[in-house]
Amino acid sequence: MSPMEFCQHVGLLGPQTVLVHMVWLEEDDIRMLAETGTHVSHNPTSNCKLASGIAKVPMMLDYGVNVSLGCDGSPCNNDYDLIREMKLAAILHKAVSLDPKIVPAETVLEMATINGAKALGLENEIGSLEKGKKADFVIVDLDKLHTTPSYNPVSSLIYAATGGDVDMVVIDGQVTVRNGQLITMDEVQIRQAAQRHADALYKRAGIVNQPRWPVV
């Protein structure tokens, strides 16, 4: 019995389940995911950094599996930048398959938005701008040197932008980021607290994490 067959045997698979990574699935496993309506969260940066493997996302999409996009945890991703995650998801599978048209930018944008909402069972509330849904959206400034020229805003967002280009974030109608600055919390205090706790953790663990050359 394969791990996926075991999951099906114990009733784990289904539309209430989101399975993360899924880098070593066989075609029969993917077929089971599709038949049971089980969701998948693709985390390409984590998979690459940890050398875990590469999920068969194109095959999952072909079978109709709802594939969303995630960043995993900070030790295996570092930046939590979903826009950079979208770029890697778009280009990684092109390189593996030797097909420049596979997993296009529009598909990756859906993975990061409406597919994520579907995975959480919230597609009727968030994930797209539609009448009756919550006002959850971001505004990205593509008027930058690294995003110019721009002929297709979706392509520019996926292949050229980063999280640093986000100008505004609105969550359920409330503005939380304006002009690229977090306005609901003190960023300086957050950064200082994070560094302080990280330094204390490294000290307790006896870890020295320095580059091989002097840093000025």
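Domain 1 and domain 2 bury about 990 Å² between them, with 72% of that on carbon and sulfur atoms. Buried area here is the accessible area, taken with a 1.4 Å probe, that two parts lose on being put together, summed over both. In domain 1, the residues that lose the most area to domain 2 are Ile83, Lys87 and Ala105, together 46% of what that side buries.

Before going on, the basis. Residues are numbered from 1 along each chain as its sequence is written, and side-chain values use heavy atoms, with hydrogens and water left out. This is a predicted model, in which local features need pLDDT of at least 70 and side-chain atom pairs count only at pLDDT 80 or more, while totals for chains, interfaces and linings use all residues.

Now the domains themselves. Domain 1 covers 1–134 and domain 2 covers 138–208; the bounds come from an automatic or database domain assignment. The contact takes 13 residues from domain 1 and 13 residues from domain 2, where contact means heavy atoms within 4.5 Å. Their C-alpha centres lie 23 Å apart.

Next, the pockets. What is the volume of the largest pocket? About 1200 Å³. On a 1 Å grid over the protein atoms alone, a pocket is an open set of points where a 1.4 Å probe fits, with protein on both sides within 12 Å along at least five of seven lines; lining residues have an atom within 4 Å of a point. Points are joined across faces, edges and corners, and the volume is the space filled by probe spheres set on them.

The largest pocket is lined by 34 residues, and Leu82, Ala112, Thr113, Phe137 and Val138 lie nearest its centre. That lining divides into 23 nonpolar, 6 polar and 5 charged residues. In this count Ala, Val, Leu, Ile, Met, Phe, Trp, Tyr, Cys and Pro are nonpolar, Asp, Glu, Lys and Arg are charged, and the others, Gly among them, are polar. Domain 1 and domain 2 each give at least three residues to the lining of the largest pocket. Among the elements that supply at least two each are α5 (82–97), β4 (137–140) and α8 (153–160). Helices (H or I, at least four residues) and strands (E, at least two) are DSSP runs, numbered from the N terminus.

The second largest pocket holds about 310 Å³ of space. Which element gives the most to its lining? That is α9, with 4 residues; α9 spans 187–205. The residues lining the second largest pocket include Gly163, Val177, Leu182 and Arg191, and the lining divides into 6 nonpolar, 4 polar and 2 charged.

Two backbone details to finish. Thr148 and Pro149 are joined by a cis peptide bond, with omega about 0°, and Pro149 sits in the loop between β4 and α8. Tyr80, in the loop between β3 (67–69) and α5, has phi near 50°, a positive value in a residue other than glycine.
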